[in-house]
Amino acid sequence: LALSLILALSLILLSLSLLFSLSLLFFFSLSYSPKPSYLIDKNLESAVKFIVRKFPAVETPRGKLSLSLYYFTFVDVMEFKDHVCELLNTIDACQVFFDITVNFDLTRNYLDLVVTYTTLMILLSRIEERKAIIGLYNYAHEMTHGASDREYPRLGQMIVDYENPLKKMMEEFVPHGKSLSDALISLQMVYPRRNLSADQWRNAQLLSLISAPSTMLNPAQSDTVRHGGILTACNYCGIILKPIGFILCHAALNTDPAALSLWKLALQSSSCLCLFRDEVFHIHKAAEDLFVNLRGYNKRVNDIRECKESALSHAGSMHRERRKFLRSALKELATVLADQPGLLGPKALFVFMALSFARDEIIWLLRHADNIQKKSTDDFIDKHIAELIFYMEELRAHVRKYGPVMQRYYVQYLSGFDAVVLNELVQNLSVCPEDESIIMSSFVNTMTSLSVKQGTHVSCFAYTSVSKASLGIADHRELGKMMNTIIFHTKMVDSLVEMLVETSDLSIFCFYSRAFEKMFQQCLELPSQSRYSICFPLLCTHFMSCTHELCPEEVTGDFSCSPLPLLQLLPKHCAKTISQAVNKKSKKQTGKKGEPEREKPGVESMRKNRLLVTNLDKLHTALSELCFSINYVPNMVVWEHTFTPREYLTSHLEIRFTKSIVGMTMYNQATQEIAKPSELLTSVRAYMTVLQSIENYVQIDITRVFNNVLLQQTQHLDSHGEPTITSLYTNWYLETLLRQVSNGHIAYFPAMKAFVNLPTENELTFNAEEYSDISEMRSLSELLGPYGMKFLSESLMWHISSQVAELKKLVVENMEVLTQMRTSFDKPDHMAALFKRLTCDVLKRMTIIGVILSFRSLAQEALRDVLSCHIPFLLSSVEDFKDHIPRETDMKVAMNVYELSSAAGLPCEIDPALVVALSSQNPEEEYKIACLLMVFVAVSLPTLASNVMSQYSPAIEGHCNNIHCLAKAINQIAAALFTIHKGSIEDRLKEFLALASSSLLKIGQETDKTTTRNRESVYLLLDMIVQESPFLTMDLLESCFPYVLLRNAYHAVYKQSVSASA
């Protein structure tokens, strides 16, 4: 019994160790790990070639290399080979009985050992640098220690012996032929059923739960299902092991018809076998090369050629039809289990069979797609592969979700049925020695007590399979089959995750990255498959199982729906439609013949037939399918990272929405063209409407997307450092619209509350009114929000501060003259003489400031209108707070209130933004300059009367050269400057009014018509200044300037306007 236990454990441990060796060898020696530097060093190239040519006997060279890691990998392979050979000899000596249907675990571990050992030796022979590495290490060892490494002679001989690994192993497996052939031939009860065509599967109602409703709740107990359970865990044996295994024990092919039949069946189903990961083995060519030199194997060579031709001609179509069948079968199975998860208990075997069948077909396609010469490429391109993988993932999800249901079912099943049947079988045994009786009684008692333990059954199988055992399993097949069933049931309790990996692991995609990307792309391009696209990200969760825990080096290695229909309602698109309707009503024929009729808004929703599908319908369907895919799982773990598809979608929606908003401005820096704010607002709302519909398909917070993106657009730069619509529109209004105002091409019309183009020789490329009227400014406020409008105001104030700085320079240049004029306003002659000494005209810059402030006033009013709709109660509270500030309030406190009010778009007596922009470091000197600046402006007003463009127009309530904007500039500049310098705003404005009135009264005495041509229009500026100012009154104006002159001036300009229009 002790020997049997050691035998079983040795099989398991050696198989695991060999897998580790395969992983390490694969990582170090193939394309996933770079070549050692010494193998590509030009200085060592000649030495390496010499060593390879003379291997394994050459003279010792000079040099020292770090080769131990690679060398001892080969030593490990040699030691594993020795242990495998020893274990195989022990198995033969004990005459162990192998039958996959009876002692499944022992047979499977034996076959695992053989296939892994064979794969290891084949991969070893494929490493081109093996001789160079081993030879270089030995010579470096001799230089360091004075003698060769003790393992070198055996290792060198092994490398030489296994130049042709299959040929060497055919000789090596001669004494093991009977054990291996018995194990392989036992597959004849299983593999032919696995290798049936799709039509045969379909006729047999394979994997169908609803084909026999009356037996739906019955647990699977027939021999067929037992064989299916065995095949679930070892289906690879027929595909991989039989061709190679029968080569190793080739004598059975000439003596046993069953062996020959199985071998031919396997050769006909595949052209290349998977050795390890993406390393394949072309079995037909290898077998033909080996048998052609053996006497008496001519028939086998012909069989190989026939099977190769059959595989190339029919295997592709056969596997294609199998995948087609499995798609429908797995869909049915997943649908039924989703509705009735309790069926996972009695029908668990069906689930794992379906997973293993689908897994094998997918791997077969992946392996063959790029490794054989295909006669029909259509058989190797499956555009519906995503659907099959998706249903596999759905079944895996059901097993993980309802695992406790399955565990409870099988715990009760083991205690209530399996334990009873096993007890009966043991009681009916004709001969049952004491040791075996104790073991079997222990099994029964353990299952009865509902404490299922794994691992105890292997030793029993190993013992009863030995020829000298008192209770031979070969003579009690029913007992063996029952134990197989019990083992499967215990796995349903303790090893569900391991069973999922064993039957449905697709981690091999990790090594077929190009095929993976191609399949993913095909899935996204095919609308009917896009809903299954989530299966490819889910496949990445399998990759963790493709590495070996003892080889951590590998883990760190490299391995629309459109808003356009909504935009058709924009005025610029509707104009032509309206024009066509008017012309049709008046029966006027306009337009060119043959011009296609424009589609009207809403035509995309019209349906004459419900079966009619438009491109928009197709796009909507495709997007809804993708949304289903994204919403399928909340998260997935890939390596050490958790991937959340919904968060991934949210982040990409934010990026796409940001780019779309900026792109919809259609800003062209070369031509300075930009979309109107109302058009952009309509486009953004249309885009948001489409994005909101995503919430119907995916459980994401689209409001969070809007908040993140739109808030970033209110700043100068977004989170990626890219310009936003705030910066684009701010730059455009400052650099394009307001610059053209300064150039005299655009005027501000107070009556229209908009900037309007003036008739000039060079027509502008844009209509200023379409960008600055109240509706456009409200749209701009909606888009930019309070933060964006504040940035716009700050940018405007920066331009004003630069103009004020230039004005101060002019004042400094004329300071002496202005000081005298300030005290001589009651001396007309002296004032006239002093005025001629002034060198520059200050009014142009003041007009520019007035224009900027007028634009800001429009923006603030629009912001106030927008906020009154969104936050009316909060806005009214701010307004009430501002209106009830006591006059004696400290200026700092008052400025804080004004700043709050200004941010809400409310007008203030003192503009806080302007105060901040004009603040200076020299208050004493600056105060005098500020006073003289007001003097300079006041004494310069009469010069405006001589300008032809200074004529007042009652229709626009202003002047075409924008001098009416001086009223706003004078009041706000004075308020800001004297707030900064803590002067009396009211006193300084009174002084300004006195000087301005005195200067304007003088032009009433002028006789030169050229100088006084627009005298009345200029008189009106005084009225505008007082009307605009919160610090001046009409009584004060009356004391300085007779109101009768103002009345006559209004009469004159209105009369002149009527005569001009007539």
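Q: Why does Q95 count as exposed?
A: Q95 has 54% relative accessibility, and the cut-offs are under 20% for buried, over 50% for exposed and partly exposed in between, with a 1.4 Å probe and protein chains only. So Q95 goes down as exposed, as 54% is over 50%.

Before going on, a word on the model. This is a predicted model, so local features need pLDDT of at least 70 and side-chain atom pairs count only at pLDDT 80 or more, while totals for chains, interfaces and linings use all residues. Numbering starts from 1 along each chain as its sequence is written, and side-chain values use heavy atoms, with hydrogens and water left out.

Q: Where does Q95 lie, and what stands out about its phi?
A: Q95 is in the loop between α3 (68–94) and α4 (104–125); helices here are DSSP runs (H or I, at least four residues), strands are E runs of at least two, and both are numbered from the N terminus. Its phi is positive, about 50°, although Q95 is not a glycine. Most residues other than glycine have a negative phi.

Q: What makes Q205 partly exposed?
A: Its relative accessible area is 42%.

Q: Why is N631 called buried?
A: With 18% relative accessibility, N631 is under the buried limit, so the label holds. N631 lies in the loop between α28 (615–630) and β3 (636–638). Not counting residues up to four places away in sequence, N631 touches R646, Y697, V698 and Q699; a contact means heavy atoms within 4.5 Å.

Q: How do you know that I674 is buried?
A: Its relative accessible area is 6%, so I674 clears the buried test. I674 is in the loop between α29 (645–664) and α30 (677–693). Leaving aside neighbours within four places in sequence, its contacts include M666, Y667, L728, W732 and Y771. Y729 is in contact with I674 as well; the two are 55 residues apart in sequence, yet their C-alpha atoms are 8.1 Å apart.

Q: What makes S950 buried?
A: S950 has 0% relative accessibility, and that is why it counts as buried. S950 belongs to the loop between α41 (923–940) and β7 (952–953). Beyond its neighbours within four places in sequence, S950 contacts L944, H959, N961, I963, N1014 and S1017.

Q: How far is the side chain of S950 from the backbone oxygen of L944?
A: A polar atom of the S950 side chain lies 2.8 Å from the backbone oxygen of L944.

Q: How are α43 and α44 oriented to each other, and why?
A: Their axes, lines fitted to C-alpha atoms over the stretch in contact, with angles from 0 to 180 degrees between N-to-C directions, cross at roughly 165° and come within 10 Å. Angles under 35 degrees count as roughly parallel, over 145 as roughly antiparallel, 65 to 115 as roughly perpendicular and the rest as oblique. So α43 (residues 985–1003) and α44 (residues 1015–1028) are roughly antiparallel. Residues that meet include F992, L993 and A996 of α43 and V1018, Y1019 and L1022 of α44.

Q: What makes α3 roughly perpendicular to α5?
A: The axes of α3 and α5 (residues 130–145) come within 9 Å and cross at roughly 110°. That angle lies within 65 to 115, so α3 is roughly perpendicular to α5. In this contact S68, Y70, Y71, F72 and F74 of α3 meet R130, I133, I134 and Y137 of α5.

Note on methods. A polar contact is a pair of N or O atoms within 3.5 Å; within protein, one must be able to donate a hydrogen and the other to accept it, and residues adjacent in sequence count only if both atoms are side-chain atoms.
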